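Subject: Handover of a two-chain model

Dear colleague,

Please find the structure below, followed by an account of what was found in it.

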Amino acid sequence: MQIDKDYYEILGIPQTATDEEIRQAYRSLARRSHPDVSGDAEASEEFQDVQEAYETLSDPAQRQKYDQWREQQGRDKSSALSLRAIASHQTLLAIPEEQAYYVLLNATPASDLPTSRLPLNLSLVLDRSTSMQGMRLQQVKEATRQIIDKLQPEDALSLVVFSDRAEVLLPSQHNVDKAMAKSIASTIQPSGGTEMLQGLLSGLSEIERNQSDTSVNHLILLTDGQTYGDEQGCLEEAEAAGNRQISLSTMGIGSDWNEDLLDQMAALSGGVSTYIDSPRKVVDIFKDTVRSLGLVVARELVMSINPRSGIRLHEAFQITPHIRRLESRGDRMVLGPLGTDQGKAILMEFRVQGLPVNEQRLMRITVEGDVPGKANRRSWEWVELAAVISETPDPDADIPPPIVTALGKLAIFKMQEKAMADLEAGEISAATQRLETMATRLLNLGETDLARAALLEAGRLARTGDLSAEGRKKIRYGTRALSILPKEIHHD
Amino acid sequence: MIKCPFCQTTHVANTLFCSECGTYLLEDDRRGTDPLGTGEIGWVGTEEEGSEHLAQHGSGPLGVRLHIGESGRQVEAPLSKAIHLGRLDPASDVFPELDLSEDGGLEKGVSRRHARILKREGTVVVEDLGSINGTFINGKRLAPYLPEALHDGDQLQLGKLLIEVELS
């Protein structure tokens, strides 16, 4: 079999693609690259590849053989990814009713992967509305200057400010003259309102001027206010940016901004939203964000789960870098980018029922990703999970501590989700009670600040029927950060 | 099916935490921390000099790296939030970010809730959380709940467990 061809990559589909997806990908590519249409030699070569890929993948027997080879190849070439799965149980009791089974999956960059930094293509889009006056703007300027200082010659930077309209202060450029850029940043003056869409559009078009396949294309948007009337436009642009491989970090400072909007914008583009509760934290948060941007191994990880019958996925959460609920698209889940300095931990809860007694293969979990730093950019890795289904319980069975820790933090995050859902549904007393229970748990965990916020908001909710804008943000962003865990360093 | 002893909600078998109230649903028989004899710990006395002034500004270190005990296990943690050090005990709601059970924490007198490391006004500090056997910086015992500055290269000690600190 041919060694250097990745049929899935040629067709632009994941290994888990269905027959229908293969057919569709083939049709659209064949139409474009057919020699009769294009007439040039390069296209006809492409057409042959597409043809070959389709012939192999559309035949189930050939596809299976090819998959085996491809997987073998993935192992031999040492994938850029390393996966480790821990299951809650090695032995499951043979009982007629449904039971829970947890899997904690850790995806980290392979240890032998050269950790070269990817060039950045960054745009800073900063709110300069009147409310930013004073400490806020002062700290944002300082943070911007520190980011400029850290730039490498190959990085591209642009600087956009917005109020009622947007203004490009520094057009996107490589080899930034740092003294000049810093003095431009220092000239930002507060005035006007907050029209976010204008700023977003300017920032995105600056990024596109220097966009490339091998750079990390990213926009940092910082605001302290509500934008009016252009929310829908912001969401559409964020999603379109994500589709063009541009991710957004959205940051809200103070308490007057719309966390639903910033959260969704970040999520749609594959980025993260951050709550900055004090201007003093701006510098740290900016620096940290920019530092981790260059340290991306895989730009987008996609996970697929193939369980045997009798097992189904109940729910899945990302645990680190921060807690979030994962939604599946078909049988796939988009996990977002993987950094060199921080792995991803995913916790899945399965429901198991009706498996026959004996040793059983339970499932295969595959993670695929686009790795810009590697010659063969499509990288993938998988793990197999198995358990013994037994009539007698295993007396020594202990739930592995990492699973218990992850679930313990997750329990609080889920209570927060439920409290917000109760509130949304007008169930004030249920929401109040949940916040109180949550406060107790948080206090036990030693999370005193967050516990205090939850308790204060519970009281406010009981009195006024609503939460404060600040409390909402504290609880939302605080509970998702509960899972920040130290990382083990291994020296081989 | 299993029932939460706290709020009576029912869950499928093997569920670990109640989805309604967050209660841990497994029986647990973990041991508490035994006090050690003071001779075993070797403390030098409480801090004599006044505690250092915490810096007012500046961003300071972003992360901390800890070299733990004889095994030399190394962990690295961001300082964006407090890192709790102790021993995992889900039944009493203790989920320290850094679980020292595998480092012989129980034998060395580490409490379930022992200490925490956090960044305050740009300075990294360590705070003893009323642990039974104490927290020490370079051999000096900290007063409980009174945070002290932590520096690069400091020797942190929880009960008898030694931890070397590296700030980055």
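Does B:Arg116 count as buried or exposed? B:Arg116 counts as buried, at 12% relative accessibility (buried means under 20% relative accessible area, exposed over 50%, and partly exposed in between, with a 1.4 Å probe and protein chains only).

As to conventions, this is a predicted model, in which local features need pLDDT of at least 70 and side-chain atom pairs count only at pLDDT 80 or more, while totals for chains, interfaces and linings use all residues. Residues are numbered from 1 along each chain as its sequence is written, chains are lettered from A and ligands numbered from 1 in the order in which they are written, and side-chain values use heavy atoms, with hydrogens and water left out.

The partner of B:Arg116 is B:Glu127, and their side chains form a salt bridge at 3.1 Å, N to O (a side-chain nitrogen of Lys or Arg within 4 Å of a carboxyl oxygen of Asp or Glu). Helices (H or I, at least four residues) and strands (E, at least two) are DSSP runs, numbered from the N terminus. B:Glu127 is buried as well, with a relative accessible area of 7%.

Chain B as a whole has one helix and 13 strands. Of its 168 residues, 52% count as buried.

The interface comes next. In it, 42 residues of chain B are in contact with 44 residues of chain A, contact meaning heavy atoms within 4.5 Å. About 3,600 Å² is buried between the two chains, and carbon and sulfur atoms give 53% of that area; buried area is the accessible area (1.4 Å probe) that two parts lose on being put together, summed over both. Seven salt bridges are counted between chain B and chain A. B:Lys119 forms a salt bridge with A:Asp284, where the closest N and O atoms are 2.7 Å apart. On the side of chain B that touches chain A, the elements giving two or more residues are β4 (73-78), β5 (83-86), β6 (98-99) and β7 (113-120) of chain B. The largest share, six residues, comes from β4(B).

Over all chains, the count comes to 41 salt bridges. A:Glu208 pairs with A:Arg244, the closest N and O atoms being 2.6 Å apart. A:Glu208 is partly exposed at 36% relative accessibility, and A:Arg244 is partly exposed at 32%. A further salt bridge joins A:Arg325 and A:Glu417, at 2.8 Å between the closest N and O atoms. In chain A, A:Arg325 is in strand β12 (residues 324-325) and A:Glu417 in helix α12 (residues 401-424), 92 residues apart. A:Asp260, A:Asp263, A:Arg476 and A:Arg480 are linked in a network of salt bridges.

Finally, the cysteines. Zero disulfides are found over all chains, a disulfide being a pair of cysteine sulfur atoms within 2.5 Å. For B:Cys7, the nearest cysteine sulfur is that of B:Cys18, 3.5 Å away. B:Cys7 counts as partly exposed at 29% relative accessibility, whereas A:Cys234 is buried at 0%.

With kind regards
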